[in-house]
Amino acid sequence: MKNLKIELKWAIIFSVVVLLWMVLEKLSGLHDKYIDYHLYLTNLFAIPAIVVMVMALKDKKRTHYKGQISYLQGVTSGVILSIFISLLSPITQWITTYVITPEYFPNVIQRSVELGYYATTAEAEATFNFKNYVVQGLIGALIMGILTTAIAMIFIRSKRQ
């Protein structure tokens, strides 16, 4: 477990960044007044997500591998980190849904029906709910984490091994 301390630390940092982003979205009105823009602006979270992943991989390279890391070592670390982030995502989703912004789902359901994205409230509720967002978070964190790692390690890996 000692070898995984860095990945666990950065998974927790990543989760805190997610929660801070959710607070920022709420405070900026993206969960109510400006909900029409949420669909687009929430994707900007990719920027801090990538930054945190790169910082984690560089930390692993510097701390654990003494500055010399192969592509495979980095990808392995990134996959483990992504698994930890994925496993923490239901907790961050719960905090987001029930503590930070409990009005998000009712607001997005109402607005998506008003705009005609869904014919009925029931159809919108089938999409916008805690369970679906937990599943999306689990899968999305894993896929995006692994993809980010695979690309970042091209640049982070040590050139001479």
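A polar contact here is a pair of N or O atoms within 3.5 Å; within protein, one must be able to donate a hydrogen and the other to accept it, and residues adjacent in sequence count only if both atoms are side-chain atoms. Keep that in mind for the second stop.

This is a predicted model, in which local features need pLDDT of at least 70, side-chain atom pairs count only at pLDDT 80 or more, and totals for chains, interfaces and linings use all residues. Residues are numbered from 1 along each chain as its sequence is written, and side-chain values use heavy atoms, with hydrogens and water left out.

**Stop 1: the whole chain**

Show the protein chain as a cartoon. It has seven helices and zero strands. Both are DSSP runs, numbered from the N terminus (helices: H or I, at least four residues; strands: E, at least two). The pattern along the sequence reads α-α-α-α-α-α-α. Along its principal axes the C-alpha trace spans about 60 × 25 × 25 Å. Of the 161 residues, 37% count as buried. Buried means under 20% relative accessible area, exposed over 50%, and partly exposed in between (1.4 Å probe, protein chains only). Take the contacts (heavy atoms within 4.5 Å) between residues at least 6 apart in sequence: 75% of these join residues at least 24 apart.

**Stop 2: Asp59**

Select Asp59, in helix H3 (residues 46-64). Is Asp59 buried or exposed? It is buried, with a relative accessible area of 5%. Now show side chains. That of Asp59 makes a polar contact of 2.8 Å with the side chain of Lys9. Another, of 2.7 Å, links the side chains of Asp59 and Thr63. Leaving out residues up to four places away in sequence, Asp59 touches Ile6, Lys9, Trp10 and His64.

**Stop 3: H3 against H4**

Select H3 and H4 together. Their axes come within 10 Å and cross at roughly 130°, so H3 is oblique to H4. Axes are lines fitted to C-alpha atoms, for helices over the stretch in contact, and angles run from 0 to 180 degrees between N-to-C directions. Angles under 35 degrees count as roughly parallel, over 145 as roughly antiparallel, 65 to 115 as roughly perpendicular and the rest as oblique.

Which residues of H3 meet H4? Met53, Ala56, Leu57 and Lys60 do, against Gly74, Ser77, Gly78, Leu81, Ser82 and Ile85 in H4. By class, this contact has five nonpolar, four polar and one charged residues. (Ala, Val, Leu, Ile, Met, Phe, Trp, Tyr, Cys and Pro count as nonpolar, Asp, Glu, Lys and Arg as charged, and the others, Gly among them, as polar.)

**Stop 4: Lys66**

Move to the loop between H3 and H4 and pick Lys66. Lys66 is exposed, at 69% relative accessibility. Check its backbone: phi is near 55°, a positive value in a residue other than glycine. Most residues other than glycine have a negative phi.

**Stop 5: H4 against H7**

Select H4 (residues 71-100) and H7 (residues 130-156), which pack at about 155° with axes 8 Å apart. H4 is therefore roughly antiparallel to H7. H4 passes H7 in a right-handed crossing. Their contact includes 18 nonpolar, 10 polar and no charged residues.

**Stop 6: Phe105**

Finish on Phe105, in helix H5 (residues 104-114). Phe105 counts as buried, at 10% relative accessibility. Its partners, not counting residues up to four places away in sequence, are Gln93, Thr97, Phe128, Asn129, Phe130 and Tyr133. Now draw a distance back to Thr63. The C-alpha atoms of Phe105 and Thr63 are separated by 42 Å, and the two residues are 42 residues apart along the chain.

Key. Left-handed = near helix turned anticlockwise from the far one by under 90°.
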